[in-house]
Amino acid sequence: MRVPKITHIIFFALAVGFLVASHYIFDDYSLRVLNNIAIFIILAVSYNLINGVTGQFSLEPNGFVAVGAYVAALILLDADAKNYQFDLESPAAFVLWLHSSNFLLALLAAGVCATILALVLSFPVFRVRGDYLAIVTLGFGFIIKILAINYPSITNGSLGLSSIPQHATLYYTGGIAIISVIMVLNIVYSKFGRAMKAVRDDEDAALAMGVNTFAVKTTAFSTSAFLEGVGGGLWACSFASIVPNEFDFYLTFQLLIIIVLGGLGSMTGAILGTILVIGGGEWLRFLDEPISMFGHTFDAMPGLRMIVFSVILILVMLFAREGIFGKRELTDVARSAIKRLKR
Amino acid sequence: MDFSLFLQNMVNGFSLGSMYALIAIGYTMVYGVLRLINFAHGDIMMVGAYVCFFGMVSLNLPFIAAVVFAVTICAALGIITDTIAYKPLRKAPRISLLITAIGISFLLENLFNVIFGSEPKAFIVPEYLQKVLTFGDVTVAMSAVLVPIITLILLAITLFILYRTKYGMAIRALAFDIHTVNLMGIDANLIIAIVFALGSMLAAIGGVFWSLNYPSIEPMMGVLIGLKAFAAAVLGGIGSVGGAVLGGFIIGFTEVVVVSLSPEFSGFKDAFAFIFLILILIFKPTGILGYNFEKSRF
């Protein structure tokens, strides 16, 4: 452990306190946004593990999120609901057989399925490096979406699944978000985490020093896939319906923007990035509605929000090249600030 | 497969492949000089199609003039995006460059979404291109014949520029080693601007040709076509223009032939590019004609 344990406990207590207090402070809409942010914190922090800490430019989180969401949804829906919903083709036998009302069990299964997929995919994926790895993982993410559309007996095709039980309240999403941040931080500050950073900084040197780079990359990939699968399960159980198009490149790009904006490799950066991108995106929603300015009301322009968002994104990247936190954590920033004050 | 179906498939595959090739060249050249996956390139193709359409509708330009207009606007747009979003980041980590590219992509998509609406518009195909030619049993639209021929001419011109002119030599030198090129008295920024202009011009023509064959344009059309063209560029070996052309044709032909032979796979049409790409990269990790950028940097 690099940072004193007392800071950990304080941060943990603050996070739990905020989670409990938010139920009394905020209205339903804000709670939904917070729920959304919590899910994206899980996704961003786990994506950061493979992309920021291990330096493997994977563009596949959308695939793992999709797998997690579908597995959780299929487990939680009962046979009647499936028979009723599947319009394009009648559900396959194993899909009907698959049922449990236990929410946490479904989440675990979602994570495990994503992990197994990641383990299988890591053999072809880690044969290539750098930008080639990016395009291969992008391809796999896309193929998973195409599979979800083209196997209607399992996924109900492009119509997706709906009326999934909404188990994922803020207590669950927030709690799992806190647990996954602790889990990822523990990995990052372990011996294994140092190996990951070694692979990021110079893969050949790490290999020469006896680091089994393939094992390190595969572990990082499947750990991040596990959390992304769990996040996908929470996604399904929080929005109650899923369609394949939600798990497009756009989701990956959104997560990439979040972790680069916060600072690649920094967990606090990923959390802050999520709050800025998801929360800020929600806040910018007023732009899509009619705007009154200088006594004149402009018509609503749906899409203006995204224009403003992309301009802000380009400006931030032009002026804060390393992201907000760089590779540092909040504790590092705080420590150097205290040092500067003492001087 | 009887002969007429075979010929039909050849024409269609040729046509589709040449359009992928046109767009893939822009990707491969930008990757060659900047090591940047230019996610905004597909959207420049979309802008080309829209500008041509509105040139014909709003400015009453004849088709050829509208194409020239679109090509000019897109060349300017390529240079502008380079100046605004990529030039200040020449020495920054490559990931920031990639994020600004995604930002430009979102910006173009949503700008056109707000200005022109998200619903697809029917592209106007000039009458002389709608004519149907009949060779025995084979019937093809005029555009399906003209598009690949013009594409081949454009490809020949591009290859001529790259391999027979001074600027082409500078572009290839830049792709080889950007730092030494500056020492040799070549203005790297000018050459990069030329690369963006050239790539965007080809993308604009690709967009217009795409709209001639599939006459429906919408602001998001560039995303998937762009990614497939990028897959074509990587498949052929990124950084190599010949590879981009080869990759474009391979993916175009595969899509046409597989869908025609076994229609049950037509749902997977969009994934072929990536499946092919993954298979090739597993056996030849640098693409068919490519060399390893990761290793040759030192």
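A cavity is here a set of grid points where a 1.4 Å probe fits but cannot get out, and in this predicted model a search of the whole structure finds two cavities of 30 Å³ or more. The largest cavity holds about 40 Å³ of space, and its lining draws on both chains, with A:Asp131, A:Tyr132 and A:Ile135 from chain A and B:Tyr31, B:Phe230, B:Val234 and B:Ile238 from chain B. Of the elements involved, α7(A) gives the most, with three residues. By class, the lining of the largest cavity comprises six nonpolar residues and one charged residue, with no polar residue among them.

The contact between the two chains was examined next. In chain A, 42 residues are in contact with 45 residues of chain B, and the area buried between the two chains is about 3,800 Å², of which 82% is given by carbon and sulfur atoms. One salt bridge is counted between chain A and chain B; in a salt bridge of 2.3 Å, taken from N to O, the side chain of B:Arg94 meets that of A:Asp131, a residue that also belongs to the lining of the largest cavity. On the side of chain A that touches chain B, the elements giving two or more residues are α7, α13 (residues 249–262) and α15 (residues 304–319). The largest share of this side, 14 residues, comes from α7(A), the helix that also gives the most to the lining of the largest cavity. Sorted by class, the side of chain A that touches chain B has 33 nonpolar, five polar and four charged residues.

Open space was also considered, in the form of the second largest pocket, which holds about 1,100 Å³. This pocket is lined by 34 residues, of which A:Phe11, A:Ala15, A:Ile178, A:Val181 and A:Ile271 are the closest to its centre. The elements that give two or more residues to the lining of the second largest pocket belong to chain A, and they are α1 (residues 5–25), α2 (residues 28–53), α9 (residues 170–188), α14 (residues 267–283) and α16 (residues 330–342). Of these, α1(A) gives the most, with 10 residues. The lining of the second largest pocket divides by class into 26 nonpolar, six polar and two charged residues.

Key. Residues numbered from 1 in each chain as written. Chains lettered and ligands numbered in written order. Predicted model: local features only at pLDDT ≥ 70, side-chain atom pairs only at ≥ 80, totals over all residues. Heavy atoms only, no water. 1 Å grid on protein atoms, 1.4 Å probe; cavity = no way out; pocket = protein on both sides within 12 Å on 5 of 7 lines; lining within 4 Å. Points joined across faces, edges and corners; volume = space filled by probe spheres on them. Helix = DSSP H or I, 4+ residues; strand = E, 2+ residues; numbered from the N terminus. Nonpolar A, V, L, I, M, F, W, Y, C, P; charged D, E, K, R; others polar. Contact = heavy atoms within 4.5 Å. Buried area = accessible area lost by both parts, 1.4 Å probe. Salt bridge = Lys/Arg side-chain N within 4 Å of Asp/Glu carboxyl O.
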